[in-house]
There are 2 protein chains.
Amino acid sequence: MTSVKAPDTPRDRLLRAAADLFHREGIASTGVERLCQAAGVSKRTMYQLFETKDALVAESLAASGPAILAMHLSEETPGLAPRDRILAVFSRLDEMSRSPGFPGCPFLNTAVELRDPGHPASVVARDHKQRLSDFFAEQARLAGARDPETLAKQLTIVYDGSVGRAVTQGAGLDGLARLTASALLDAQLGTS
Amino acid sequence: MTSVKAPDTPRDRLLRAAADLFHREGIASTGVERLCQAAGVSKRTMYQLFETKDALVAESLAASGPAILAMHLSEETPGLAPRDRILAVFSRLDEMSRSPGFPGCPFLNTAVELRDPGHPASVVARDHKQRLSDFFAEQARLAGARDPETLAKQLTIVYDGSVGRAVTQGAGLDGLARLTASALLDAQLGTS
């Protein structure tokens with residue numbers, strides 16, 4: 001069971017175990033004891049690396065951001081129109097929502113579970129949503145939207161609402177995320 | 001500090017303390033000890049009244065449903081058109097989102113925090129969203145929407161996404177919930 005990759009540091013293992021457990025089981029439900037056991041790290045080591053559990057929540061969430069954004073935004077198929085780049089995000093979400101036990105969006109989940117906009121992890125969640133919204137605004141601008149900033153906020157609302165629906169229903173979105181985003185795009189760009 | 005109303009039963013007090021604490025601070029963060037203290041009820045009594053904490057989570061959530069639906073849906077101003085009855089729900093949400101420390105929607109929060117569609121409280125959350133969606137579908141039908149069922153699901157997505165945005169941003173929605181619902185209504189009904 002030895003790995004050919006560079007060995008994980010205790011910090012790597014803690015960040016990975018934290019991202020996984022917080023996302024699957026929630027933040028308050030995941031005690032420090034459990035976390036350290038999953039990471040194979042002592043509590044003493046954990047507190048040497050992260051001042052508090054809150055800091056670990058924030059850092060592990062921040063660490064999962066780039067991969068999630070890359071997955072959503074790097075639809076770099078040559079010639080894909082801005083409108084289609086936006087819709088690709090929602091198609092991907094529709095698709096993800098079909099996987100059994102889909103746990104939703106870690107950023108929305110964290111903000112909702114903490115319900116404290118000043119918590120360092122809520123700041124990370126807000127930044128992530130801003131980056132998604134910036135992408136929508138940029139593409140909407142390229143597509144010639146009348147009000148790209150408002151459209152971007154509306155699309156972010158549809159993204160989070162769709163995730164919320166998939167989690168609440170415990171079922172796939174059946175194309176609703178893309179369909180709803182599409183209706184809002186049409187309202188500003190005209191049907192294509 | 002005596003009340004002129006009929007005295008609360010331990011069951012009433014537990015349901016009220018549970019709804020309040022779970023909504024403000026989260027489910028996993030609120031221990032049974034804390035809950036019983038807030039309700040002024042012994043743990044023994046609590047477990048006589050509710051078999052498990054999960055049952056209390058579900059029953060307290062169910063108990064808050066009627067008031068929330070009534071607040072949103074009873075805009076019975078004579079002559080209010082179906083389209084305006086739908087939009088009134090979103091205006092009310094825009095307004096609620098402005099209150100400092102707005103804790104979001106207890107039903108969405110519960111489903112997101114539990115991330116377990118089979119949990120009895122997730123079933124309550126799902127039923128509540130279905131009733132909201134049924135109201136939207138009924139009004140959309142009266143307004144002559146092409147596809148009232150789909151429009152109702154989309155409006156529910158906008159509702160939950162708007163709540164998610166208000167919680168993530170820690171700020172009011174600035175009219176975005178109504179604006180987004182309005183764009184989706186226009187898409188099916190034509191601009192009014």
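How many helices and how many strands does chain A have? Chain A has nine helices and zero strands. Read from the N terminus, its elements run α-α-α-α-α-α-α-α-α. The model is predicted.

Start with the overall form of this chain. Along the principal axes, the C-alpha atoms of chain A fill a box of roughly 60 × 40 × 30 Å. Chain A holds 192 residues, and 43% of them are buried. Consider next the contacts in chain A with a separation of 6 or more. Of these, 65% join residues 24 or more positions apart.

Now look at one helix pair within chain A. Two packed helices are described by the angle between their axes and the distance between the axes. Helix H5 of chain A covers residues 82-96, and helix H9 of chain A covers residues 176-189. They pack at an angle of about 160°, with their axes 8 Å apart. Angles over 145 degrees count as roughly antiparallel, so H5(A) is roughly antiparallel to H9(A). H5(A) passes H9(A) in a right-handed crossing. From H5(A), the contact takes A:Arg83, A:Ile86, A:Leu87, A:Phe90, A:Ser91, A:Leu93 and A:Asp94. H9(A) supplies A:Ala177, A:Arg178, A:Ala181, A:Ser182, A:Leu185 and A:Leu189. By class, eight residues of this contact are nonpolar, two are polar and three are charged.

Move to chain B for a second pair. H7(B) and H8(B) pack at an angle of about 130°, and their axes are 8 Å apart. Are these helices parallel, antiparallel, perpendicular or oblique to each other? H7(B) and H8(B) are oblique. Their crossing is right-handed. H7(B) contributes B:Lys129, B:Leu132, B:Ser133, B:Phe136, B:Ala137, B:Ala140 and B:Arg141 to the contact. Among the residues that H8(B) contributes are B:Pro148, B:Leu151, B:Leu155 and B:Tyr159. The contact of H7(B) with H8(B) has nine nonpolar, two polar and four charged residues.

Two loops of chain B deserve a look at their backbone. Most residues other than glycine have a negative phi, and most peptide bonds are trans. B:Arg115 is not a glycine, yet has a positive phi of about 45°. B:Arg115 lies in the loop between H6 and H7 of chain B. Is B:Arg115 buried or exposed? B:Arg115 is buried, because 21 other C-beta atoms lie within 10 Å and the cut-off is 20 or more. B:Asp174 also has a positive phi, near 55°, in a residue other than glycine. The loop between H8 and H9 of chain B holds B:Asp174. With 14 C-beta neighbours inside 10 Å, B:Asp174 counts as partly exposed.

Finally, bring the chains together. The contact takes 36 residues from chain B and 36 residues from chain A. On the side of chain B, helices H6 (106-114), H7 (120-142), H8 (148-169) and H9 (176-189) each give two or more residues. Which helix gives the largest share of that side? H8(B) does, with 14 residues. The side of chain B that touches chain A has 15 nonpolar, 13 polar and eight charged residues.

How are the copies related? A rotation of 180°, with 0.0 Å of shift along its axis, superposes chain B on chain A at an RMSD of 0.0 Å. That is the relation of a two-fold axis. B:Gly161 comes closest to the rotation axis among the residues of chain B, with its C-alpha at 1.7 Å. The same surface serves both copies, as 100% of the contact residues of chain B recur in chain A.

Key. Residues numbered from 1 in each chain as written. Chains lettered and ligands numbered in written order. Predicted model: local features only at pLDDT ≥ 70, side-chain atom pairs only at ≥ 80, totals over all residues. Contact = placed C-beta atoms within 7 Å. Helix = DSSP H or I, 4+ residues; strand = E, 2+ residues; numbered from the N terminus. Nonpolar A, V, L, I, M, F, W, Y, C, P; charged D, E, K, R; others polar. Least-squares fit on C-alpha atoms with pLDDT ≥ 70 in both. Axes fitted to C-alpha atoms, helices over the stretch in contact; angles between N-to-C directions. Parallel < 35°, antiparallel > 145°, perpendicular 65-115°, else oblique. Left-handed = near helix turned anticlockwise from the far one by under 90°. Buried ≥ 20, exposed ≤ 12 C-beta atoms within 10 Å, placed from the backbone.
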